[in-house]
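Have the model open while you read.

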Amino acid sequence: MALAAAVLVSGCGTQATTSATPPAAATPAASPSPALTITDPWVKTGEKGMTAAFGTLVNNTDTEVTVVSGASPLSPEIELHEVVDSGGKMVMRPKKGGFVVPAHGSHELAPGGDHIMLMGITGKVEPGAEVPFTLTLADGATVRFTAIGKDFAGGEEDYRPGKDKS
């Protein structure tokens with residue numbers, strides 16, 4: 001009787017070593033993280049002209065990553081922009097060299113700072129709209145993401161062409 005109880009108790013706590021399931025080493029490994037991701041991407045709502053996209057670029061690698069360009073079906077022309085002080089006035093201009101994201105670091109894209117500028121938008125961006133983007137990195141790799149339309153009055157950025165681009 002004691003032997004039967006021992007067999008029952010041990011049977012509940014362990015499984016046989018033979019199994020139809022392959023060993024853990026034979027299961028596919030999780031795919032590695034992409035070199036660059038973007039968290040909380042959003043695009044300012046608008047009807048025509050210009051708008052901008054924001055979020056936080058996150059580098060998942062051991063080396064810096066540089067974003068050199070962007071594209072979206074919403075705009076025929078996209079530039080990577082920065083906002084800088086020029087003679088006591090904050091001006092928006094193309095970011096020379098693109099956005100550099102340090103190894104295992106991040107780079108914020110925010111109103112009043114670095115951002116992805118969409119010029120001559122081809123459609124209205126309403127709250128909740130899903131806008132696809134593709135970023136191109138210095139090594140030729142691309143990163144795709146979808147930004148969500150969001151109302152934002154913000155820092156009254158001036159998105160008119162012809163402003164100081166020095």
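1. Start with Phe 133 and Phe 145: both are buried, meaning under 20% relative accessible area with a 1.4 Å probe and protein chains only. Bear in mind that this is a predicted model, where local features need pLDDT of at least 70, side-chain atom pairs count only at pLDDT 80 or more, and totals for chains, interfaces and linings use all residues. Residues are numbered from 1 along each chain as its sequence is written, and side-chain values use heavy atoms, with hydrogens and water left out.

2. How many aromatic pairs does the structure hold? There are 3, a pair being rings of Phe, Tyr or Trp (its six-membered ring) with centres within 6.5 Å. In one of them, the ring centres of Trp 42 and Phe 54 are 4.6 Å apart and the planes sit at 40°, so this pair is tilted (under 30 degrees is stacked, over 60 edge-to-face, the rest tilted). Trp 42 belongs to strand S1 and Phe 54 to strand S2, so the pair ties together parts 12 residues apart in sequence; strands are DSSP runs of E, at least two residues, numbered from the N terminus.

3. Trp 42 and Phe 54 are both buried.

4. Trp 42, Phe 54 and Phe 152 form one aromatic cluster.

5. Lys 96 is in the loop between strands S5 and S6. Lys 96 counts as exposed because its relative accessibility is 74%, and exposed means over 50%.

Definitions and conventions
Helix = DSSP H or I, 4+ residues; strand = E, 2+ residues; numbered from the N terminus.
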